[in-house]
Amino acid sequence: MKTKIFYFSATGNCLTTAKLLAEMLPDECEVVSVSSLRKEETIVVDEACVGFVFPVYYGDMPYLVRETIGRMRFTQDPYVFLMATYRGHPGDVAKRLEDVLAPRGVHLALSVGIPMPGNSYLSTEEEMQNA
């Protein structure tokens, strides 16, 4: 089963996650940067398995991911999965992704959250002592 993984990564964490996942999948897998699709008017997706890997921003997906999915046209009913990296709490990102996918006739089958270390300054003395 051919798989395509769409990823968005600002720090490299999601790129690494997408590449590692692609190596573990048994069949052919293409890893595509969402940023590279910015100028595409319509994005035709014809794979049987489609993955999304992106960070959670304030309980939601990055705007660029949402906007890119809005331009996708799925030619079949693929198995769709999400691997979302987060710090603290993943929010309701799976529901929000489903809300963007459903009008395109596809649905999220699997959502996995990947807790990550923080990449911001610790804000309280207690957090610094527990770091």
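Modeller: Among the elements of the protein, E1 has the highest mean pLDDT, 98, while helix H4 (residues 125–130) has the lowest, 63. Keep in mind that this is a predicted model. Across the protein the mean pLDDT is 91. Of its residues, 90% reach 70 or more. I will take E1 as the part to examine.

Start with burial. E1 is mostly covered, as five of its five residues are buried. Both of its faces are covered. On one side sit Thr3, Ile5 and Tyr7, and on the other Lys4 and Phe6.

Take threonine 3, which is found in strand E1. Its relative accessible area is 6%, so threonine 3 is buried, under the 20% cut-off. What does threonine 3 touch, not counting residues up to four places away in sequence? The list is Leu25, Glu28, Cys29, Glu30, Glu47, Cys49 and Phe81.

Now the strand partners. E1 (residues 3–7) runs parallel to strand E2 (residues 29–33), and five bridges join the two. In this pairing, phenylalanine 6 stands opposite valine 32 in E2. To get from E1 to E2, the chain passes through helix H1 (residues 13–24). This β-α-β crossover is right-handed.

E1 is also joined to E4. These strands run parallel too, with five bridges between them. Isoleucine 5 has glycine 51 as its bridge partner in E4.

Next come the rings. How many aromatic pairs does the structure hold? There are two. One joins phenylalanine 6 to phenylalanine 52, with ring centres 5.7 Å apart and planes at 20°. That angle is under 30 degrees, so the pair is stacked. Phenylalanine 6 lies in strand E1 and phenylalanine 52 in strand E4 (residues 49–55), so this pair ties together parts 46 residues apart in sequence.

Phenylalanine 8, at 13% relative accessibility, counts as buried. Tyrosine 57 is partly exposed, because its relative accessible area of 35% falls between the cut-offs of 20% and 50%.

Tyrosine 58 lies in the loop between E4 and H2. Its phi is near 50°, a positive value in a residue other than glycine. Tyrosine 58 has a relative accessible area of 88%, so it is exposed.

Back to phenylalanine 6. It is one of the residues that leucine 37 touches, leaving out those up to four places away in sequence. Leucine 37 lies in the loop between E2 and strand E3 (43–45). At 11% relative accessibility, leucine 37 counts as buried.

Threonine 68 counts as buried, at 1% relative accessibility. Leaving aside neighbours within four places in sequence, threonine 68 is in contact with Val34, Leu37 and Ile43.

In H3 (residues 93–101), Val93, Leu97, Glu98, Val100 and Leu101 are buried. These residues cover an arc of only 160° around the axis, so they are on the same side of H3. What covers them includes E4 and H2, along with strand E5 (72–74), strand E6 (79–86) and strand E7 (108–115).

To recap: E1 is joined by five bridges to E2. Five bridges also join E1 to E4. Both faces of E1 are covered.

Conventions. Residues are numbered from 1 along each chain as its sequence is written. This is a predicted model: local features need pLDDT of at least 70, side-chain atom pairs count only at pLDDT 80 or more; totals for chains, interfaces and linings use all residues. Side-chain values use heavy atoms; hydrogens and water are left out. Two strands pair if DSSP finds at least two bridges between them. Helices (H or I, at least four residues) and strands (E, at least two) are DSSP runs, numbered from the N terminus. A crossover is right-handed if, with the strands pointing away from the viewer, the path from the first strand over the helix to the second runs clockwise. Rings of Phe, Tyr and Trp (its six-membered ring) pair if their centres lie within 6.5 Å; planes under 30 degrees apart count as stacked, over 60 as edge-to-face and the rest as tilted. Buried means under 20% relative accessible area, exposed over 50%, partly exposed in between (1.4 Å probe, protein chains only). pLDDT is the predictor's confidence in each residue, from 0 to 100. The arc is that of the directions from the helix axis to the C-beta atoms. Contact means heavy atoms within 4.5 Å.
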